[in-house]
Amino acid sequence: MTDIDSRPNNAYIVGERVWLRLPTEEDAFGDWYDWFNDEEVSRYTDWRKPNTPENQVEFVRSRVNNGDDIVLAVIESETDKHIGIVSLSKINWLHRFGDIALIVGDPVARQKAVLGLEAFTLMLRFAFLKLNLLNVKGGYVSGQKHSESILKALRFSEAGRVEDLFCIDGEMCDHVLVQLKQADWLARNKDPDQDG
């Protein structure tokens, strides 16, 4: 982790290759809104119409101020470029679980799998150590290889599968549900400065 004196401005969580901060309305007018106009990014989302900066600003205003969602911009350390969004959403504070998701929208950054992996790792560490969540849930569409490989690398276990739920490019695909328990994560991360 990074020394507090060397943290980038507005950084909330700092890793080696990426750092996380609150997204801004300025981000919405940057490249962010256009990620959802990219067929590769939108293929596995529910987004089905052209996106605009105004739509993205509306998202920022609704999600950033929602007490049950934590949405953070992923910034590549080397370039200080906004490359993606990582979130914990639908947090259930009583039962201590939430849903994790990641979108790496920048096409160059998408080719560097380690950036998405680190963003996910930082958010998991935050979820289990700072928020004290007991479970983090996630999911991916069968055939969504990038998401599947990151979740497997972080040792999420398959919790279930809804068959033929999504129609992607004319092919029916399953929704694979995964989870990671705080106890399992902590057992692999006895040193709080180590993630895995």
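1. At 48% relative accessibility, E158 counts as partly exposed, a class that lies between buried (under 20% relative accessible area) and exposed (over 50%), judged with a 1.4 Å probe on protein chains only. R161 is likewise partly exposed, at 40%, and E158 forms a salt bridge with R161 in which the closest N and O atoms are 3.3 Å apart; the term stands for a side-chain nitrogen of Lys or Arg within 4 Å of a carboxyl oxygen of Asp or Glu.

2. Please keep in mind that this is a predicted model, in which local features need pLDDT of at least 70 and side-chain atom pairs count only at pLDDT 80 or more, while totals for chains, interfaces and linings use all residues. Residues are numbered from 1 along each chain as its sequence is written, and side-chain values use heavy atoms, with hydrogens and water left out.

3. The whole structure holds ten salt bridges, among them one between D27 and R21 at 2.8 Å, N to O. D27 is buried at 9% relative accessibility, and R21 is buried at 13%.

4. In another salt bridge, R61 meets E25, with the closest N and O atoms 2.8 Å apart. This pair links distant parts of the chain, since R61 belongs to helix α3 (residues 53-64) and E25 to helix α1 (residues 25-35), 36 residues apart; helices here are DSSP runs of H or I with at least four residues, and strands are runs of E with at least two, numbered from the N terminus. R61 is exposed at 51%, whereas E25 is partly exposed at 35%.
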